[in-house]
Amino acid sequence: MDMKKIVFLDIDGTLVNSEKKITPLTKKSLMRIQEQGIKLAIASGRPSKGVIPYAEELELEKFGGYIMPFNGCNIINYQTKDVVYSNTLSMDVVKKAYELSKEYGIEMITYKGDNILSETDDNPYLLIESRINKMDVEKVPCVYDAIETPPVKCLLLGDGDYLGKIETEIKEKIGENANVFRSEPFFIEIVPQGLDKAAAIAELISRIGIKQSETVAFGDGFNDISMIEYAGLGVAMSNGCDRIKEVADRIAPDNDSEGIAEVIDDIFRSI
């Protein structure tokens with residue numbers, strides 16, 4: 001088996017526990033392997049502002065790690081702050097998503113700098129996104145009209161059971177011009193076509209000279225499935241969705257039980 005050289009980490013439900021904190025043993029294990037030359041990359045559906053606190057805590061700047069916000073629509077070398085890769089949605093797709101939000105009676109949000117663009121300021125799922133990422137909400141009369149430059153991602157918000165019923169229809173109506181999936185039960189994400197965490201990993205490792213077989217990925221959610229399937233070693237958290245556990249090479253203990261630390265210490269026992 002090839003020696004692993006880079007570890008990709010989802011945040012919510014994976015890197016952090018239920019209190020949104022990196023647990024002590026997990027941090028210790030990740031710091032240890034970085035000191036031995038293993039790279040870390042945080043691959044999350046969160047916008048950059050929601051990823052940076054964890055990049056800082058794990059000292060990715062010092063060790064030359066990467067952040068991959070928006071499910072890899074952006075890839076940033078956290079040491080140099082250079083944007084390694086960037087992709088955006090076409091405004092035609094954004095317009096269609098906005099129209100579908102109205103048709104199905106749900107809300108669409110997107111991002112403008114460090115703010116979330118929204119037509120409400122009290123939607124419970126919007127407040128989750130705002131709180132998790134520590135981003136302010138900019139309430140506007142029309143989200144679509146408020147967009148100044150093509151965004152990297154739009155989110156459709158709604159009750160999980162309802163989104164589960166309409167997800168396939170949303171995908172069909174948006175068509176092949178974007179990638180549509182649920183990252184959480186109450187979020188349908190719309191990102192550029194052909195772009196998911198697996199594609200972002202492939203893009204990054206091709207640029208830095210690492211083989212697919214030399215990668216490890218940890219995740220728990222719907223938007224992590226592609227990278228868990230793609231990685232040389234795909235690890236699902238035991239608290240993850242059933243589908244991700246079906247495709248994983250290995251199941252780690254849950255995110256409240258130092259799951260990452262246990263697997264990292266086993267994989268990198270010899271370094």
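Contact here means heavy atoms within 4.5 Å. Axes are lines fitted to C-alpha atoms, for helices over the stretch in contact, and angles run from 0 to 180 degrees between N-to-C directions. Helices (H or I, at least four residues) and strands (E, at least two) are DSSP runs, numbered from the N terminus.

Some ground rules. This is a predicted model, in which local features need pLDDT of at least 70 and side-chain atom pairs count only at pLDDT 80 or more, while totals for chains, interfaces and linings use all residues. Residues are numbered from 1 along each chain as its sequence is written, and side-chain values use heavy atoms, with hydrogens and water left out.

Two strands pair if DSSP finds at least two bridges between them.

Strand E4, residues 74–77, is joined to E5 by 3 bridges, and the two run antiparallel. Asn74 has Ser86 of E5 as its bridge partner.

Ile251 sits in E14, residues 250–252. Leaving out residues up to four places away in sequence, Ile251 touches Ala236, Met237, Ser238 and Lys245. One distance for Ile251: its C-alpha atom is 29 Å from that of Gln193, 58 residues apart along the chain.

Back to H13, and its helix partner. The axes of H2 (residues 24–35) and H13 come within 7 Å and cross at roughly 35°. The crossing is left-handed. That term means the near helix is turned anticlockwise from the far one by less than a right angle; clockwise is right-handed. H2 brings Leu25, Thr26, Ser29, Leu30, Arg32 and Ile33 to the contact. H13 brings Ile260, Ala261, Ile264 and Asp265. By class, that is 6 nonpolar, 2 polar and 2 charged residues. Ala, Val, Leu, Ile, Met, Phe, Trp, Tyr, Cys and Pro count as nonpolar; Asp, Glu, Lys and Arg as charged; the others, Gly among them, as polar.

Next, the other sheet. This one is open too, with 6 strands in the order E8-E7-E6-E9-E11-E10 and mixed pairing. E8 (136–139) and E10 (178–184) are the edge strands, each pairing on one side only. Neighbouring strands are turned by 30° against each other on average, direction ignored. E7, residues 115–118, runs parallel to E8, with 4 bridges between them. Ile116 stands opposite Val137 in E8.

Which helices pack on this sheet? H6, residues 91–103, touches E6 (107–112), E9 (154–157), E10 and E11 (187–192). The direction of H6 makes about 145° with that of E6. H7, residues 124–133, touches E6, E7, E8, E9 and E11. The direction of H7 makes about 170° with that of E7.

H6 also packs with a helix. H6 and H9 (residues 160–174) meet at an angle of about 145°, with axes 10 Å apart. H6 passes H9 in a right-handed crossing. From H6 come Val93, Lys96, Ala97, Leu100 and Glu103; from H9, Ile170, Lys173 and Ile174. These contact residues divide into 5 nonpolar, no polar and 3 charged.

Last stop, H7 and its ends. Asn123 is in the loop between E7 and H7. Asn123 caps the N-terminal end of H7, with a side-chain oxygen 2.8 Å from the backbone nitrogen of Tyr125. Asn123 is buried, at 15% relative accessible area. Its side chain also makes a polar contact with the side chain of Glu107, at 3.2 Å. A polar contact is a pair of N or O atoms within 3.5 Å; within protein, one must be able to donate a hydrogen and the other to accept it, and residues adjacent in sequence count only if both atoms are side-chain atoms. Within H7, Leu126, Glu129, Ser130, Ile132 and Asn133 are buried. Just after H7, Lys134 takes a positive phi of about 55°.

Definitions and conventions:
Buried means under 20% relative accessible area, exposed over 50%, partly exposed in between (1.4 Å probe, protein chains only).
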